[in-house]
Amino acid sequence: MTGQAVVIAVVQLALLIFVAPLLIGVIRQVRARLEGRVGPGVWQPWRDLRKLLGKNPVHAEGSSWILTVGPLALVLSSLLLCVLLPLVGALNAPMIPSDLFVIVSVMLLGVVALALVGLDAGTAFGGMGSSRHMTVAALVEPTVLLAIYALSIPAGTSTLSVIVGARLRDPAIIISPVSVLAMVALAIAIMAETGRLPVDNPSTHLELTMMHEAMVLEASGRDLAWLEVGSWLKLAALLGLLGNLVAPWGIVTDMTLWSVLLGIVAVTAKILLLGVMLSVGEVFLAKVRLFRVPELLAGSFTLALLAVTASYLVA
Amino acid sequence: MSTTGLARMITRVGRIAEPAPPAPPLLAGAEVFGGSVDVRFINAGGCNDCAQEVMGAFGPVYDVERYGIRLVASARHADVLLIVGAVTRNLLEPLLRTIEATPAPRFIIAVGDCAITGGAVADGYGVVGPVSSLVDVNLEVPGSPPEPAQIVEALRRMTGR
């Protein structure tokens, strides 16, 4: 079982490294089409990465080693997420813990690394971005914990791969009110965590409205490439988790070549489909005012709390 | 605008972008970018007419983004600096510092007659000189102001697409 789980983890890692830039390409392409543009093609993020990785970074005077190490820490945390989350397969092995608390703390590692990168050069916008980022993170993490906790009650464990496995065996759980409330809360939390609309605008050029973008303003060349890859991987992994929680079909539970291939195709399709939905949804959304972001996130926290309460009333 | 109204407008309008003209030859040295160029726009003291035309080039009609060219918010992310206007005394130092902050390899495009020769304001008391007299310019787009199509063509020479 452990050997199989390691194989699945390696497959997930390779797949996500391939799918994450493609996901961003698809999101941007769909958005461009809806705006009446032609769009640069779905492979443009690959070209961007290739170019950025070939450029030597320019560091601001007075910046420290954080500017070099921080982006790598973000990529590492995102890669760990890709290994730990049940994306291609939901095999449960103690060596690869997909426990709820492990996942959230791995995610926090990346959040803190990114915030430190923003602070390092000592610019006004970087510090502002980091402070906003930490505010959002502090509001989002409890929601993620609570939402998945609500999902864990029918499965009787907080291990995500077992939760997904339980939903696959008994699909009636998926459309129960508890699950629906928790999924909505989780979806809002993921949007906030990955810096999408309506919490943050990923394509803004206005420094005063930035969150994620403000923190990476001082990064250049290779450092910027790692920061981009880190956030893309995180978005792809979390969308994959959401996809597997909503529609767990296709995920690998018994190890054969065909089931692994099916798992790869299924999770890729789920991630890209969610990406298209996200992109279409974003065309219709405006960024909410910063002071209303806590209201939105408090709303999602309330939904998660309702889900937990309901799960005790129902069960 | 309501959601349905916006959806109806999207389906009615369809594609706004004009058909792409044939690709101009790649500028020597720009092959390092491999079809992806990030542009930082700098107004070094122009009268905003060239700036308007640059915005037009990045809008949905000329849609320069389809060739892999994007505007970015920081000089640290940029490969190409797009400079308009004759350089004024106040903006000389910020301009030089912006260029210094841009990682190599970097290219500089001077857009408009003011940036190339100084144009109508060349003898102004607040003007240090045209961009080309202060920094090495790789590509010039003449015109006062140039049309967006000319700016698009200069940018396409950077990606070769």
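Buried means under 20% relative accessible area, exposed means over 50%, and partly exposed lies in between (1.4 Å probe, protein chains only). The views below show a predicted model, in which local features need pLDDT of at least 70, side-chain atom pairs count only at pLDDT 80 or more, and totals for chains, interfaces and linings use all residues. Residues are numbered from 1 along each chain as its sequence is written, chains are lettered from A and ligands numbered from 1 in the order in which they are written, and side-chain values use heavy atoms, with hydrogens and water left out.

View 1. A salt bridge is a side-chain nitrogen of Lys or Arg within 4 Å of a carboxyl oxygen of Asp or Glu. Helices (H or I, at least four residues) and strands (E, at least two) are DSSP runs, numbered from the N terminus. Both A:E218 and B:R76 are buried.

**View 2. Chain A and chain B meet at an interface.** Contact means heavy atoms within 4.5 Å; on this basis 29 residues of chain A touch 37 residues of chain B. Buried area is the accessible area (1.4 Å probe) that two parts lose on being put together, summed over both. Between chain A and chain B this area is about 2600 Å², and carbon and sulfur atoms give 53% of it. A:R37, A:K51 and A:K55 supply 25% of the area that chain A buries against chain B, more than any other three residues. Six salt bridges are counted between the two chains, while the count over all chains is 15.

**View 3. The side of chain A that touches chain B draws on several helices.** A polar contact is a pair of N or O atoms within 3.5 Å; within protein, one must be able to donate a hydrogen and the other to accept it, and residues adjacent in sequence count only if both atoms are side-chain atoms. Across the interface of chain A and chain B, 20 residue pairs are in polar contact, both residues being at pLDDT 80 or more. On the side of chain A, the elements that give two or more residues are α1, α2 and α9. The largest share, five residues, comes from α2(A).

**View 4. Helix α2 of chain A covers residues 44–53.** Its buried residues are A:Q44, A:P45, A:D48, A:L49, A:K51 and A:L52. Seen down the helix axis, these residues fall within an arc of 165°, so they line one face of α2(A). The arc is that of the directions from the helix axis to the C-beta atoms. The cover over the buried residues of α2(A) includes α1 (2–34) and α9 (221–246) of chain A, together with β1 (37–43) and β2 (69–71) of chain B.

View 5. A:R37 counts as buried at 13% relative accessibility, whereas B:E65 counts as partly exposed at 28%. B:D79 lies in the loop between β2 and β3 (80–84) of chain B and A:K51 in helix α2 of chain A, so the pair joins two chains.

**View 6. A cis peptide bond runs from A:L197 to A:P198.** Its omega is near 5°. A:P198 lies in the loop between α7 (177–193) and α8 (212–215) of chain A, and counts as buried at 15% relative accessibility. Leaving out residues up to four places away in sequence, A:P198 touches A:L285, A:A286, A:K287, A:V288 and A:L296.

**View 7. B:N48 and B:D63 have positive phi although neither is a glycine.** For B:N48, phi is about 80°; the residue lies in the loop between β1 and α2 (49–58) of chain B and is partly exposed, with a relative accessible area of 45%. For B:D63, phi is about 45°; the residue lies in the loop between α2 and β2 of chain B and is buried, with a relative accessible area of 0%.
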